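Please look through the sequence and the model shown here. The paragraphs after them lead from one part to the next.

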Amino acid sequence: MSAPHLLAQSGDEFEAPGLHIFEWGPLFPGGPSWLDWLTKPVLIVALAGLLLVVFAWRAFGNAQLVPRGVQNVGEVAYLFVRDQVARPMIGKDGDRWMGFLFTTFFFVLFLNLAGVVPVLQLPVPSHIAFPIVLAAFVYVLMLFLSIKNQGFIGYFKNMMFPPGLPKPLYIILAPIEFLSNIILRPFTHSVRLFANMFAGHLLLAFFSTVAWWFLVEKLTPLGAGVGVVGFLMTIVMTGFEIFVQSLQAFIFVLLAASYIGGALHPEH
């Protein structure tokens with residue numbers, strides 16, 4: 001066992017949370033090996049999917065002419081995604097993609113908000129594998145729609161050689177566009193979500209650990225002030241993190257919609 005863990009167990013020294021807070025083994029470590037895949041992040045993903053299904057069913061399963069309760073929330077959410085994401089990014093075809101965009105937005109939002117839910121307390125996209133899978137799906141969908149609507153050659157031509165520019169400029173622009181759209185796009189799409197969730201969760205863990213250590217574990221007159229600051233910062237950072245989690249879900253689906261719009265309407 002490493003020295004920091006020994007110190008933490010003996011209670012002699014404060015240990016700031018590190019990368020180990022993102023390491024989750026099987027939920028049933030002593031269980032059968034075929035259950036090793038069932039970890040806390042996987043469980044949260046399943047719960048988020050179930051919550052999304054229940055929310056959509058309650059909101060739209062038996063819609064009334066005069067909305068009430070969950071239907072009110074669902075309709076406001078639907079209008080938000082439609083008017084702020086689908087139509088501005090895709091245009092006239094935006095409404096056709098509302099099922100995908102609405103689902104993606106709230107699925108990512110639920111995964112993010114799990115970081116501030118008691119007991120769960122883990123934003124799943126803070127594990128890079130999960131945003132990579134989501135971004136890869138959007139990337140494959142973009143390529144499929146682009147080639148289907150523009151043709152294989154037409155897609156690369158429209159992407160690398162947009163009309164109306166001086167021909168010598170294509171020497172620089174073509175490789176940049178290829179690198180940006182084919183190589184870097186899925187990377188930046190996933191890393192943006194991952195980095196924000198990773199950093200935010202680490203900050204929350206740090207301030208809450210400071211508050212617990214100096215107010216509970218090692219309460220002293222001098223350390224109490226530090227503990228109070230840690231406690232207050234935990235509250236502030238939790239509010240800020242909720243804002244960032246919501247914003248990152250919006251940005252993720254906004255980028256997905258822009259990629260779909262570019263595939264369907266390359267002239268824009």
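**A walk through the model**

V119 lies in the loop between α4 (98-113) and α5 (129-150); helices here are DSSP runs of H or I with at least four residues, strands are runs of E with at least two, and both are numbered from the N terminus. This is a predicted model, in which local features need pLDDT of at least 70 and side-chain atom pairs count only at pLDDT 80 or more, while totals for chains, interfaces and linings use all residues. Residues are numbered from 1 along each chain as its sequence is written, and side-chain values use heavy atoms, with hydrogens and water left out.

V119 is exposed because its relative accessibility is 69%. The cut-offs are under 20% relative accessible area for buried and over 50% for exposed, with partly exposed in between, using a 1.4 Å probe and protein chains only. The backbone of V119 has a phi near 80°, a positive value in a residue other than glycine. Q121 is also placed in the loop between α4 and α5. Its phi is positive too, at about 45°, although Q121 is not a glycine. With a relative accessible area of 46%, Q121 is partly exposed.

Which residues does H201 touch, leaving aside those up to four places away in sequence? They are I21, F22, Q121, L122, P123 and E241, where contact means heavy atoms within 4.5 Å. H201 itself sits in helix α7, which covers residues 170-217. H201 counts as buried because its relative accessibility is 11%.

F60 is found in helix α2, residues 40-60. Its relative accessible area is 35%, so F60 is partly exposed. Not counting residues up to four places away in sequence, F60 touches G74, E75, Y78 and F102. F60 and L113 are 53 residues apart along the chain, and their C-alpha atoms are separated by 23 Å.

The next topic is charge. Side chains of opposite charge can pair when their charged atoms come close. How many salt bridges does the structure hold? There are 3, a salt bridge being a side-chain nitrogen of Lys or Arg within 4 Å of a carboxyl oxygen of Asp or Glu.

One of them joins R82 to D83, with 3.0 Å between the closest N and O atoms. R82 is buried, at 19% relative accessibility, whereas D83 is partly exposed, with a relative accessible area of 34%. R87 pairs with D95, and here the closest N and O atoms are 2.9 Å apart. R87 is partly exposed at 37% relative accessibility, and D95 is partly exposed at 37% as well. D93 forms a salt bridge with R96, the closest N and O atoms being 3.5 Å apart. In this pair D93 is buried, at 15% relative accessibility, and R96 is exposed, with a relative accessible area of 64%.

In an unreviewed entry, UniProt lists residues 42-60, 97-122, 128-147, 193-215, 222-240 and 246-264 under "transmembrane region". Those positions are given in the numbering used here, feature names are shortened, and annotations may be inferred rather than shown by experiment. In the model, residues 193-215 are 100% helix and 0% strand, with end C-alpha atoms 33 Å apart. Residues 246-264 are likewise 100% helix and 0% strand, and their end C-alpha atoms lie 27 Å apart.
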